[in-house]
Amino acid sequence: MKMGLKINGEFKEFDVDPSTTLLDLLREAGYMSVRRACDTGTCGVCTVLMDGKPVLSCAILALSADGHEITTVEGLKDDEDFQRLLDLFLSEGVDQCGYCNPGFLITAYAMKRELKNPTDEEIKMYLVGNLCRCSGYVGQMRALKKYLGVEE
Ligand code: FES
Ligand code: FES
């Protein structure tokens, strides 16, 4: 079936099987920052922005995203605020295997636009769907609080 998406600012058309997920479509189209792990809507590594809000691309059929705007890490590479977030992850030693990072970073980027001066609990709740198998989340919290401008 024919469908169209605006991906990272560029309109693209696709011919998809109705069972294709948004994750399958994005990876097959070359957006390899969008990772796959659980494939069941549990781990968050496949998170992308749909119309500015984080969604789990493995849990959405591509056809239900028809006409929407999708943003992946590739689309934020020239965004200064996103680069600052990346730099904070590096300087706070968050990066370990890095597999969860794209989903985590996309979610954090959306959180900054949605929550103003969040508490620790609100930050944790926003990130509840993003799992990291390498870390205890302490480094992520340090980096995020700096990124969000939240006082220690
Ligand atoms: S691969 Fe989508 S939530 Fe895990
Ligand atoms: S850094 Fe390895 S899964 Fe998060």
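The centres of domain 1 and domain 2, taken over C-alpha atoms, are separated by 21 Å. Domain 1 covers residues 2-73 and domain 2 covers residues 76-148. Keep in mind as you look around that this is a predicted model.

**Where the domains touch**
- Domain 1 puts 16 residues into the contact, while domain 2 puts in 13 residues.
- On the side of domain 1 that touches domain 2, strand 3 and strand 4 each supply at least two residues.
- That side of domain 1 is made up of 9 nonpolar, 5 polar and 2 charged residues.

**The largest nonpolar core**
- In soluble globular proteins, nonpolar side chains tend to be buried together.
- Here, the largest nonpolar core has 35 residues.
- Leu-26, Val-48, Leu-85, Leu-105, Ala-108 and Tyr-109 are the residues with the most contacts inside this core.
- Several elements each supply at least two residues of the core, among them strand 1 (2-7), helix 1 (22-28), strand 3 (47-50) and strand 4 (53-56).
- Helix 2, helix 3 (101-114) and helix 5 are also among the elements that each supply at least two core residues.
- Helix 3 gives the most to the core, with 5 residues.
- The core draws at least three residues from each of domain 1 and domain 2.

**Helix 2 against helix 5**
- Helix 2 (residues 80-91) packs with helix 5 (residues 138-148) at an angle of about 145 degrees.
- The axes of these two helices are 9 Å apart, and their crossing is right-handed.
- From helix 2, Arg-84, Leu-85, Leu-88 and Phe-89 meet Ala-143, Lys-146 and Tyr-147 of helix 5.
- Sorted by class, this contact has 5 nonpolar residues, 2 charged residues and no polar ones.

**A stop at Glu-74**
- You will find Glu-74 in the loop between strand 5 (69-71) and helix 2.
- Not counting residues up to four places away in sequence, Glu-74 touches Asn-8, Tyr-31 and Ser-33.
- Glu-74 and Arg-36 lie 38 residues apart in sequence and 16 Å apart in space, C-alpha to C-alpha.

Methods. Residues are numbered from 1 along each chain as its sequence is written. Chains are lettered from A and ligands numbered from 1 in the order in which they are written. This is a predicted model: local features need pLDDT of at least 70, side-chain atom pairs count only at pLDDT 80 or more; totals for chains, interfaces and linings use all residues. Axes are lines fitted to C-alpha atoms, for helices over the stretch in contact, and angles run from 0 to 180 degrees between N-to-C directions. Helices (H or I, at least four residues) and strands (E, at least two) are DSSP runs, numbered from the N terminus. A crossing is left-handed if the near helix is turned anticlockwise from the far one by less than a right angle, and right-handed if clockwise. Two residues are in contact if their C-beta atoms, placed from the backbone, lie within 7 Å. Ala, Val, Leu, Ile, Met, Phe, Trp, Tyr, Cys and Pro count as nonpolar, Asp, Glu, Lys and Arg as charged, and the others, Gly among them, as polar. A nonpolar core is a set of buried Ala, Val, Leu, Ile, Met, Phe, Trp, Tyr and Cys residues joined through C-beta atoms within 7 Å. A residue is buried if 20 or more other C-beta atoms lie within 10 Å of its own, exposed if 12 or fewer, and partly exposed in between; C-beta atoms are placed from the backbone. Domain bounds come from an automatic or database domain assignment.
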